[in-house]
Amino acid sequence: MEYRDVILSLSAAVILLACTVAGMVALAFSQRGRNWARRVLGRPRRPKTPAKGGAASPVPAAKPLALTRERLTGAVVEGRMMLDPDLKIGDLLLPLGTNRTYLSNFINSNYGTNFRGFINRCRIEELGRLAALPGNKGKNIAELVPQAGFGSYRSYLRARREAAGDAGKSEEAANATGGAAESGAGNFV
């Protein structure tokens with residue numbers, strides 16, 4: 001047998017093996033093949049849920065911790081997550097043990113704003129806290145904005161406008177001249 005014949009027979013064997021594996025995978029994912037995959041791979045069937053009025057499961061399901069204002073502010077404010085300018089709602093899901101829809105609805109109903117508005121209000125309060133520190137008395141508000149978690153001074157101004165309505169416009173003029181900001185949107189959190 002020549003070297004060339006060995007290579008051809010090996011490549012034919014590899015192609016045959018690949019087709020067999022592909023067929024087995026296709027069969028495993030087809031409706032009829034699911035039972036076959038369970039038998040071959042040894043995966044147990046999912047237990048059927050009892051009908052209404054039937055016996056309850058012997059192992060009670062773990063009850064997730066309820067999402068509260070204290071847990072949310074603990075993760076965002078005390079955990080200093082609001083200082084990240086790229087913070088997204090998905091970043092809070094794991095620490096809070098919830099899903100995106102539930103967290104979004106919770107913020108909307110409890111704080112009357114969306115996630116971005118909630119985070120920006122927390123950042124505005126942090127900016128007020130930073131401005132009140134004795135070491136920051138002579139600093140311009142634009143110098144403190146990045147420390148509060150805003151990506152830029154413009155994003156701070158936009159957040160002020162959204163949080164305070166028209167009152168933010170008059171403060172914009174005061175900040176442009178170097179005046180210090182007040183604590184922000186009140187006791188929001």
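User: What do the buried residues of H3 pack against?
Analyst: They pack against helix H4 (93–96), helix H5 (100–111) and H6. This is a predicted model, where local features need pLDDT of at least 70, side-chain atom pairs count only at pLDDT 80 or more, and totals for chains, interfaces and linings use all residues. Residues are numbered from 1 along each chain as its sequence is written, and side-chain values use heavy atoms, without hydrogens and water.

User: What makes a stretch a helix?
Analyst: A helix is a DSSP run of H or I with at least four residues, numbered from the N terminus. H3 covers residues 69–78.

User: Which residues of H3 are called buried, and what makes them so?
Analyst: They are Leu72, Thr73, Gly74, Ala75 and Val76. Buried means under 20% relative accessible area, exposed over 50%, and partly exposed in between, with a 1.4 Å probe and protein chains only.

User: Why is Arg80 called partly exposed?
Analyst: Its relative accessibility is 34%.

User: Where is Arg80, and what does it touch?
Analyst: Arg80 sits in the loop between H3 and H4. Just after H3, it takes a positive phi of about 60 degrees. Beyond its neighbours within four places in sequence, Arg80 is in contact (heavy atoms within 4.5 Å) with Ala75, Glu126 and Arg129.

User: Why are H6 and H8 called roughly perpendicular?
Analyst: Their angle is about 105 degrees, and their axes are 10 Å apart. Axes are lines fitted to C-alpha atoms over the stretch in contact, and angles run from 0 to 180 degrees between N-to-C directions. Under 35 degrees is roughly parallel, over 145 roughly antiparallel, 65 to 115 roughly perpendicular, and the rest oblique. The angle falls in the 65 to 115 range, so H6 and H8 are roughly perpendicular. On the H6 side the contact includes Arg116 and Asn120; on the H8 side, Tyr156 and Glu162 are among the residues.

Definitions and conventions. Helices (H or I, at least four residues) and strands (E, at least two) are DSSP runs, numbered from the N terminus.
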